[in-house]
Amino acid sequence: MITFVDRVVLHLRAGDGGHGCVSIHREKFKPFGGPDGGNGGHGGSVSLVVDPQVHTLLDFHFRPHIKADNGKGGAGSNRDGANGGNLVLKVPAGTVVLSTDGEVLADLTGAGTTFEVARGGRGGRGNASLANARRKAPGFAELGEPGDEMDVVLELKSVADVGLVGFPSAGKSSLISVISAAKPKIADYPFTTLVPNLGVVRVENHTFTVADVPGLIPGAASGKGLGLEFLRHIERCSVLAHVVDTATLEPGRDPLADIDAIEAELSEYGGLADKPRVVVLNKVDVPDGQDLADITRADIEARGLQVFEVSAATRVGLRELTFALAELVERNRAATPVLEPTRIVIRPVAVDDAGFTIEAAEDGAFVVRGPRPERWVRQTNFDNDEAVGFLADRLARLGVEEKLAKAGAVPGSLVRIGVREFDWQPTLFAGVDFTPGNRGTDVRLEEQSSRPSAAQRLAARKARRQRPEDELESAQAMADAIGQDEVRLIVGGRDNAEE
């Protein structure tokens, strides 16, 4: 059984970038040979490409969760990590990529058209790449960035030249089966065709495609039945053909009423008013059908519509119909301008554009937004003081601290960059030429504490435990050396001369 799927929701995740490596080159007689940590590999991306051999979105229906490979971490001896493999997903022509909010991200029509949906994360730099004249041996490396994670909706809009529209059981499937090589299921079903059928018609030197759109009913444009699922398949058609059942026995049905009902739905859906139309009066092989066609033909032609009386069973009138459709398709192709290659537009950054903005949030925090500050925060290992100091230097050189002060931030204000929050403490030496100390540390981040050091606490403890006899012996010894008068000043101001 063939299953047709024309709408799926994909859960995509690009690969994360690999972390950079912190390494110092060591060998015999050369214990400190400089940094040699390699860079992390980039994460794999997820792209969509149009393949003419793919006709449905069935594969994604059974496998909606897709994840690309992560980049590998860097290693010592200047070895960079391997990049994650990119995923290329093949989709049929006419696939529209939308966000979950309904925003159109891409419209894929031409064979080979490629669209990168989720971009892989950038790999972090190793300490060898971070070394400079002042920071000769960095004790930190950048972290890899996470890849994009998003949900997208894929909708397939059939790319056909002619769209057959009409009520259920009007004979559209029978018609496409006799004018093309398409073999849809045909029977006296009490319901409509559930999936669109696409056929190729060849008329002498002309070739065009015909789409059998499942039957429409009143209210389809507002979501009744499966109308919205099928109306999108006629958006790209050049010509619309009304297939009317002239042998129907349903009360209140006649060709003019059927055409008016379908046109009302097409008008409510929108975007189809300028497409040329023809009317196909089907099933004229039935006596009552031929009589009804003769009665209504003049009224339909009075509306400016070209009418063809056909029978899919006896093939009456099919040759005239196919030639007329081929002529309309060729006329539309000639009037359609040739698509030009996409022009690459370069938009340089304005001179006064700092690359970031600072906004005050409702909770009192100052939110810094910008691609560079947010990327730098994602790449920073906050367990390493030297890496945090390096981040502070980058933000200060970008002008973040200056703008925070102008925005009203004071020491201790909450600052949010990306997913990180900080208690802002202005750094006087951030952004200036700074020579770091020990690897992995930054003296600018050391907290100044009023607590005495361990050596000071030990000396105070010994002084408290010293006995008075020891003090007198120490004082007598000092008296022999420097005189009795000075002893009173040394021993706590007590007069011990009489003792």
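**Close-up 1. Glu204, an exposed residue in a loop.** Glu204 counts as exposed because its relative accessible area is 65%; the cut-offs are under 20% for buried, over 50% for exposed, and partly exposed in between, using a 1.4 Å probe and protein chains only. Look for Glu204 in the loop between strand 10 (197–203) and strand 11 (206–212). Here, helices (H or I, at least four residues) and strands (E, at least two) are DSSP runs numbered from the N terminus. Most residues other than glycine have a negative phi. Glu204 has a positive phi of about 55°, although it is not a glycine.

A note before the other views: this is a predicted model, in which local features need pLDDT of at least 70, side-chain atom pairs count only at pLDDT 80 or more, and totals for chains, interfaces and linings use all residues. Residues are numbered from 1 along each chain as its sequence is written, and side-chain values use heavy atoms, with hydrogens and water left out.

**Close-up 2. Lys283, another residue with a positive phi.** Lys283 is not a glycine, and its phi is positive, near 70°. You will find Lys283 in the loop between strand 13 (277–282) and helix 6 (287–302). Is Lys283 exposed or partly exposed? Its relative accessibility is 25%, so Lys283 counts as partly exposed.

**Close-up 3. Thr441 and its contacts.** Thr441 sits in the loop between strand 18 (420–423) and helix 11 (454–465). With 33% relative accessibility, Thr441 is partly exposed. Which residues does Thr441 touch, not counting those up to four places away in sequence? They are Asp385 and Glu386, where contact means heavy atoms within 4.5 Å. Thr441 and Glu386 are 55 residues apart along the chain, yet their C-alpha atoms are separated by 4.7 Å.

Close-up 4. The strands follow the order 15-16-17-18, and their pairing is mixed. Strand 15 (357–360) and strand 18 are the edge strands, each pairing on one side only. From one strand to the next, the twist averages 25°; axes are lines fitted to C-alpha atoms, for helices over the stretch in contact, and angles run from 0 to 180 degrees between N-to-C directions. Two strands pair if DSSP finds at least two bridges between them. Strand 15 and strand 16 (residues 366–369) run antiparallel and are joined by 4 bridges. Ala360 has Phe366 in strand 16 as its bridge partner.

**Close-up 5. The largest cavity.** The structure holds 2 cavities of 30 Å³ or more, and the largest has about 70 Å³ of space. On a 1 Å grid over the protein atoms alone, a cavity is a set of points where a 1.4 Å probe fits but cannot get out, and lining residues have an atom within 4 Å of a point. Grid points are joined across faces, edges and corners, and the volume is the space filled by probe spheres set on the points. Helix 9 (residues 385–398) gives the largest share of the lining, 4 residues. Among the lining residues are Phe140, Trp376, Phe390 and Arg394.

**Close-up 6. The second largest cavity.** This cavity has a volume of about 30 Å³. Strand 12 (239–245) and helix 5 (255–269) each supply at least two residues of its lining. The lining includes Val165, Phe167, His242, Asp258 and Ile262.

Conventions: On a 1 Å grid over the protein atoms alone, a cavity is a set of points where a 1.4 Å probe fits but cannot get out, and a pocket is an open set with protein on both sides within 12 Å along at least five of seven lines; lining residues have an atom within 4 Å of a point.
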